[in-house]
Amino acid sequence: LISSNATPGAQLVRTAAQMLADMPGGYVGQSWNIRITNTGAGTLTLTTDAGGTVTMSGTMTVPQNTFRDFIGKIVTATTATITATGVGTYS
């Protein structure tokens with residue numbers, strides 16, 4: 001995901017069940033890498049889904065001209081995790 005919005009603000013993640021359904025051939029235990037790059041003027045913040053089915057660990061903010069890496073994992077058919085794993089600058 002690359003955000004160039006001047007005020008990216010809070011970005012709500014989909015529920016675990018929605019993420020699983022979005023992945024063709026998705027399965028419980030599947031994991032994937034996520035990189036979010038923010039070229040906008042504000043800070044982008046990942047926030048958990050309204051149902052609380054996604055547990056987040058680590059820093060979920062992506063400041064201007066920064067990228068942050070995450071690992072997503074489907075834990076059960078109705079729960080998932082997103083873990084921050086790294087950060088860097090983007091110019």
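This is a predicted model: local features need pLDDT of at least 70, side-chain atom pairs count only at pLDDT 80 or more; totals for chains, interfaces and linings use all residues.
Ala10 has Thr45 in strand E4 as its bridge partner. Residues are numbered from 1 along each chain as its sequence is written, and side-chain values use heavy atoms, with hydrogens and water left out.

Start with confidence. The score is pLDDT, the predictor's confidence in each residue, from 0 to 100. The protein chain averages 93, and 100% of its residues score at least 70. Strand E1 (residues 2–3) has the lowest mean, 86, while strand E7 (residues 66–76) has the highest, 97.

Now the layout. The protein chain holds one helix and eight strands. Read from the N terminus, the order is β-β-α-β-β-β-β-β-β.

Back to the opening pair. E2 and E4 run parallel and share four bridges. Two strands count as paired if DSSP finds at least two bridges between them. An open sheet of three strands has the order E2-E4-E6, with mixed pairing. Strand E2 (9–12) and strand E6 (61–62) are its edges; each has a single partner strand, so one side of each lacks a neighbour in the sheet.

Another open sheet has five strands, ordered E1-E3-E7-E8-E5, again with mixed pairing. Its edge strands are E1 and strand E5 (54–57), each pairing on one side only. E7 and strand E8 (residues 79–89) are antiparallel and joined by ten bridges. Thr66 sits opposite Thr89 in E8.

Leu44 is buried, because its relative accessible area is 0%. Buried means under 20%, exposed over 50%, and partly exposed in between (1.4 Å probe, protein chains only). What does Leu44 touch? Not counting residues up to four places away in sequence, its contacts include Leu1, Pro8, Ile36 and Met60. A contact means heavy atoms within 4.5 Å.

Finally, step back. Of the 91 residues of the protein chain, 32% count as buried. Among contacts with a separation of 6 or more, 66% link residues 24 or more positions apart. The C-alpha atoms fill a box of roughly 35 × 25 × 20 Å, taken along the principal axes.

Conventions
Helices (H or I, at least four residues) and strands (E, at least two) are DSSP runs, numbered from the N terminus.
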